[in-house]
Amino acid sequence: ESERRVNFNKALTNLYRDIAEAIEANTALITEAYGEEGCVDVVLSLHEEAEARAGAILRKFIEYRQLDKLNAMGAPPLASKSGDGGLHSGDGGGHSDQVKAFERTIDEIVILCVRSEEYNHCIKSVLEGAAGKGGEKA
């Protein structure tokens, strides 16, 4: 059960936040020292490192959440709507727990995707800004 408490979203968020904050805090200094091209090189290097670390986090997520087993088993059948308007799983409580665990995993995947998209948008904005100022590599 302790494996279930690993917060991959927090790990990925912290990684991306730290990279974004480092870039934001040091862009002017790097640009002043190395020009726009140097700034682009630094941002691209940090992005490459962030992607490698994010990949490691996501591989651990897949391992800990046993997504290969989930994929092999298939999604648990969705709860069916009963005559009283409520949702029921049909087998008491065990199936309902499976469905809830599956839903939590899907929610976690969506959050991880959103974090990655937000980070990529941030990096894209930085690189577009550098391109607008004359950085050819951006």
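Me: How many aromatic pairs does the structure hold?

Reply: The structure, a predicted model, holds three aromatic pairs. Rings of Phe, Tyr and Trp (its six-membered ring) pair if their centres lie within 6.5 Å; planes under 30 degrees apart count as stacked, over 60 as edge-to-face and the rest as tilted.

Me: How is a pair of aromatic rings described?

Reply: The distance of the centres and the angle of the planes describe it. For Phe8 and Phe61, the centres are 5.4 Å apart and the planes stand at 80°, so this pair is edge-to-face. Phe8, Phe61 and Tyr64 form one aromatic cluster.

Me: Is Phe8 buried or exposed?

Reply: Buried means under 20% relative accessible area, exposed over 50%, partly exposed in between (1.4 Å probe, protein chains only). Phe8 has 5% and is therefore buried. Phe61, at 3%, is buried.

Me: Which aromatic pair is stacked?

Reply: Tyr16 and Tyr119 form a stacked pair, with 4.2 Å centre to centre and 10° between the planes. Tyr16 lies in helix 1 (residues 8-64) and Tyr119 in helix 3, 103 residues apart, so the pair links distant parts of the chain. Helices (H or I, at least four residues) are DSSP runs, numbered from the N terminus. Tyr16 is buried at 6% relative accessibility, and Tyr119 is buried at 3%.

Me: What limits apply to these values?

Reply: Residues are numbered from 1 along each chain as its sequence is written, and side-chain values use heavy atoms, leaving out hydrogens and water. In this predicted model, local features need pLDDT of at least 70 and side-chain atom pairs count only at pLDDT 80 or more, while totals for chains, interfaces and linings use all residues.

Key: Helices (H or I, at least four residues) and strands (E, at least two) are DSSP runs, numbered from the N terminus.
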